[in-house]
Amino acid sequence: AAMLTLLSDTAAGATRDGHAVALEANISAVADAERLVGNSVEGVGLYRTESMFLDRMVAPTLTEQCDAYMRVLAAMDGKPVTIRTVDGGADKPLKFLGISPETLDGMHHGLGIRGYRLTSLYPEILEVQLRALAEAQELTGRPVRVMAPMVTTAREAREFAKLARNAGIAQVGVMVEVPSAALRAGQILDEVDFISIGTNDLAQYTMAADRTLGELDDLLSPWQPAVLDLIAMATRAGRERAKPVAVCGELASDPVLALVLVGLGAGSLSMAPGAIAPVRHAIRRHTAKQTRAIAHAAMEQAGPAQAFQAALALVDPRV
Ligand code: PEP
Ligand code: MG
């Protein structure tokens, strides 16, 4: 039994009947990737690069960025690495811009010039970052997957894909974390190679509830039917176009929700590294068909508590 446990703690993510689900890590620094060396995680599904840009009076240079990206690629040793371009906003302040983030992003609303939208005012930030990524790809010989945060329209996805492909990046995607992007996920997927659903912001913008306010936890629950509906729309668009859909918001780290996401068709789940083992264990205990039944049961409910209970009722009690 000990042997079996050991095996299942390191195996690749898959349902009991062998349907693969890549289990990847969310990281925000080179050191996070270096700690994953020798670990069984299957890749990095979200590298939040803004950590390199926050709280600085000057932006990191191309060389500094390239060095960081190379170290992450080297640490992951050929496993897929999805690097997100800078995500700035009132909650992720880019001080080197020399203008208050609230001015750009709207006081406390997160509805202003943030995430990918900053490119229209400061195109050079993305330009330098894409060049640094392309150089890191070239020097390590490892393909880079890049994605943009807070993409809202298919047109933005097209613009970003053009910039990233012109820079020579191997694979280009965008995050789906704004309701408009989930509603038009098909048109967005027509422009890019993959999408990754960011459930933290998707819940915030769907429910009009600031994600940093603990008082709104109930509205921000990822079990909210409206949020599940949007996730289902995005995964359906991926299935129709045979393009990969990942989930990288915190919700992927909940084993029961992870089963719902697998049932909806997510091909990879990215989460805090510590959450991977229990999620792997939960997925291993169910067949693909069972995960679809779990997702279906959750989707039919009127509220978050009922959705959770309906899913839980179908989950193997050993999870
Ligand atoms: C998200 O919004 O779900 C996400 C993964 O990005 P962040 O938490 O960095 O905004
Ligand atoms: Mg986000």
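Student: Does Asp55 count as buried or exposed?
Tutor: In this predicted model, a residue is buried if 20 or more other C-beta atoms, placed from the backbone, lie within 10 Å of its own, exposed if 12 or fewer, and partly exposed in between. Residues are numbered from 1 along each chain as its sequence is written, while chains are lettered from A and ligands numbered from 1 in the order in which they are written. Because the model is predicted, local features need pLDDT of at least 70 and side-chain atom pairs count only at pLDDT 80 or more, whereas totals for chains, interfaces and linings use all residues. With 9 C-beta neighbours inside 10 Å, Asp55 is therefore exposed.

Student: Where is the place of Asp55?
Tutor: Elements are DSSP runs numbered from the N terminus: helices are H or I with at least four residues, and strands are E with at least two. Asp55 belongs to the loop between β2 and α3 (62-76).

Student: What is the phi of Asp55 near?
Tutor: Most residues other than glycine have a negative phi. Asp55 is not glycine, yet its phi is positive, near 55°.

Student: And what is the phi of Ala208 near?
Tutor: Look for Ala208 in the loop between α10 and α11 (225-241). Ala208 counts as exposed because it has 10 C-beta neighbours inside 10 Å. Ala208 is a residue other than glycine with a positive phi, near 50°.

Student: How many helices and strands are there in the chain?
Tutor: Let's step back and view the whole chain. The C-alpha atoms fill a box of roughly 55 × 40 × 35 Å along the principal axes. Within the chain there are 15 helices and eight strands.

Student: What radius of gyration does the chain have?
Tutor: The radius of gyration is taken over C-alpha atoms, and the globule rule is 2.2 Å times the number of residues to the power 0.38. For 319 residues, a compact globule would come out near 20 Å. The value for this chain agrees with that: 19 Å.

Student: What share of the contacts with a separation of 6 or more is between residues 24 or more positions apart?
Tutor: Two residues are in contact if their C-beta atoms, placed from the backbone, lie within 7 Å. Counting contacts with a separation of 6 or more, the share from residues 24 or more positions apart is 65%.

Student: Which element gives the largest share of the shell around ligand 1?
Tutor: A residue is near a molecule or strand if its C-beta atom, placed from the backbone, lies within 6 Å of it. The residues around ligand 1 are Leu46, Arg48, Asp87, Glu177, Gly198, Thr199, Asn200, Asp201, Cys248 and Gly249. The largest share, three residues, comes from α10.

Student: At what angle do α12 and α15 pack?
Tutor: Axes are lines fitted to C-alpha atoms, for helices over the stretch in contact, and angles run from 0 to 180 degrees between N-to-C directions. Angles under 35 degrees count as roughly parallel, over 145 as roughly antiparallel, 65 to 115 as roughly perpendicular and the rest as oblique. Helices α12 (residues 255-264) and α15 (residues 304-313) are therefore roughly perpendicular. Their axes are 10 Å apart, and the angle is about 80°.

Student: Is Leu94 buried or exposed?
Tutor: Leu94 is placed in the loop between β3 (81-84) and α4. Beyond its neighbours within four places in sequence, Leu94 is in contact with Phe53, Leu54, Gly88 and Pro101. Because Leu94 has 23 C-beta neighbours inside 10 Å, it counts as buried.
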